[in-house]
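Have a go at each one before you read its solution.

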Amino acid sequence: MAHDYDSQLIESVAVRRTRLATALLYGNNPLQRRWKSSVRTFFFSVALAAAIAAVCVGYSFVTNLLEDLRQQQQQRAPSAVVLQITGDIADDGGGGGFRLTLTPHSGAA
């Protein structure tokens, strides 16, 4: 009879340890804990995907904006001023009179 009592005591202690370890790892209700962690993981992944998409859209917007600005600067750079230097060497006694004319460039070739 003593042998049955000892084995029952050892078995009940093992069951309690298992239940305590399970409660420590998964909470009071393991099914509820798994559901909550799944929902939390799902919302975290949705938020992470939205953040990655926002970074991609922002990078594309900034790159496109910088490209547009570069194209506008390239269009403006040659159209600033055309410098024409004309000269008449046989002007008045070898002084070499040169005339400098600045005309705005319209951009049309």
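**Exercise 1.** Work out how far apart Arg70 and Glu67 are in helix α2.

*Solution.* Start with the spacing: Arg70 and Glu67 are 3 residues apart in helix α2, so about one helical turn separates them. Helices here are DSSP runs of H or I with at least four residues, strands are E runs of at least two, and both are numbered from the N terminus. Next, the contact: Arg70 makes a salt bridge with Glu67, with 2.4 Å between the closest N and O atoms. (That term means a side-chain nitrogen of Lys or Arg within 4 Å of a carboxyl oxygen of Asp or Glu.) By this rule, the count is 1 salt bridge.

A word on the source: this is a predicted model, where local features need pLDDT of at least 70, side-chain atom pairs need pLDDT 80 or more, and totals for chains, interfaces and linings use all residues. Residues are numbered from 1 along each chain as its sequence is written, and side-chain values use heavy atoms, leaving out hydrogens and water.

**Exercise 2.** Classify Arg70 by its relative accessible area, then do likewise for Glu67.

*Solution.* First the cut-offs: buried is under 20% relative accessible area, exposed is over 50%, and partly exposed lies in between (1.4 Å probe, protein chains only). Arg70 has 38%, so Arg70 is partly exposed. Glu67 comes in at 32%, so Glu67 is partly exposed too.
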